[in-house]
Amino acid sequence: MSELNIFLGPPGAGKGTQALKIASEFDLAHISTGDMLREHVSSGTELGKIAKSLLDEGNLVPDKLVIEMLLERLNNEDCKNGAILDGFPRTLPQAKSLESLDKEFPVAKVFVFEVNEDELIKRILLRGEMTGRSDDTEESIKVRFEVYKKDTQPLVDFYNEKNLVNVIDAVGEVEDIYNSISRHFK
Ligand code: AMP
């Protein structure tokens, strides 16, 4: 049995930064569906061709494609000890797809990252300047926030009903935020 830990939160909340640290400290796989999709785009696969404009606009890639990609990834040897899901699930159908894996890959914990919108915009624009990430633009940020509120935020209730949610105040020093997450893994 390999437990899944979900990092849920709006774009720019710091999920990726914390997922990297937690995964390396506790020997878990770090699965970022955003990173995987960006790799598909840069290597020009069929999936990458479909995903490119959706990513740039800030819209979601269709559930079926992302779910397939994730299920395949979970078969990797590095998931045996459990995984951090960074950016998945983002919709109710995606969350339900995990329910059917419950025997092999139960969802153990869900961390909901909370950051106010002004801070998120500041962080995303800064990241865009530093990395050149093509969806870190003002137009795309607006769409990504709307998509988050409409499609992803309802998952907080979905997992609250299962008593799996830990809310993380994700404003402040990276190390302090890390400590507030890592104590749940000890
Ligand atoms: P992220 O790096 O997590 O911010 O994701 C960047 C972009 O990849 C998103 O804006 C979506 O276009 C796409 N993406 C990442 N994860 C998912 C997912 N679970 N479902 C659908 N689209 C996704």
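Where does Asn163 lie?

Modeller: The model is a predicted one. Asn163 lies in the loop between α8 and β5. Its phi is near 60°, a positive value in a residue that is not glycine. Asn163 has a relative accessibility of 71%, so it counts as exposed.

Take β5 to begin with. Strand β5, residues 165–169, is among the elements that cover the buried residues of helix α9. The others include β1 (4–8), α1 (15–26) and β4 (107–114). Helix α9 spans residues 174–182, and its buried residues are Ile177, Tyr178, Ile181 and Ser182. Viewed down the axis of α9, these residues fall within an arc of 130°, so they line one face of the helix. An α-helix has 3.6 residues a turn, so residues three or four places apart point the same way.

One of the covering elements, α1, deserves a separate description. The axes of α1 and α9 come within 10 Å and cross at roughly 55°. That angle makes α1 oblique to α9. The crossing of α1 past α9 is right-handed. On the α1 side the contact is made by Thr17, Gln18, Lys21, Ile22, Glu25 and Phe26. On the α9 side it is made by Val174, Glu175, Ile177, Tyr178, Ile181 and Ser182. Sorted by type, the residues of this contact are six nonpolar, three polar and three charged.

Asp27 is found in the loop between α1 and β2 (29–32). Although it is not a glycine, Asp27 has a phi of about 55°. With a relative accessible area of 55%, Asp27 is exposed.

Helix α5 runs over residues 92–99, where Gln94, Ala95, Ser97 and Leu98 are buried. These four cover an arc of only 155° around the axis, which puts them on the same side of α5.

The loop between β3 and α5 holds Pro89. A cis peptide bond joins Phe88 to Pro89, with omega at about -5°.

At 3% relative accessibility, under the 20% limit, Asn5 counts as buried. Leaving aside residues up to four places away in sequence, Asn5 touches Leu28, Ala83, Ile84, Leu85, Ala108, Lys109 and Phe185.

Helix α2 (residues 33–43) and helix α3 (residues 46–57) pack at an angle of about 115°, with their axes 8 Å apart. The two are therefore roughly perpendicular to each other. Their crossing is left-handed, whereas that of α1 and α9 is right-handed. Leu37, Arg38, His40 and Val41 of α2 meet Leu47, Gly48, Ala51, Lys52 and Leu55 of α3. The contact of α2 with α3 divides into five nonpolar, two polar and two charged residues.

Methods. Residues are numbered from 1 along each chain as its sequence is written. This is a predicted model: local features need pLDDT of at least 70, side-chain atom pairs count only at pLDDT 80 or more; totals for chains, interfaces and linings use all residues. Side-chain values use heavy atoms; hydrogens and water are left out. Buried means under 20% relative accessible area, exposed over 50%, partly exposed in between (1.4 Å probe, protein chains only). The arc is that of the directions from the helix axis to the C-beta atoms. Contact means heavy atoms within 4.5 Å. Axes are lines fitted to C-alpha atoms, for helices over the stretch in contact, and angles run from 0 to 180 degrees between N-to-C directions. Angles under 35 degrees count as roughly parallel, over 145 as roughly antiparallel, 65 to 115 as roughly perpendicular and the rest as oblique. A crossing is left-handed if the near helix is turned anticlockwise from the far one by less than a right angle, and right-handed if clockwise. Ala, Val, Leu, Ile, Met, Phe, Trp, Tyr, Cys and Pro count as nonpolar, Asp, Glu, Lys and Arg as charged, and the others, Gly among them, as polar.
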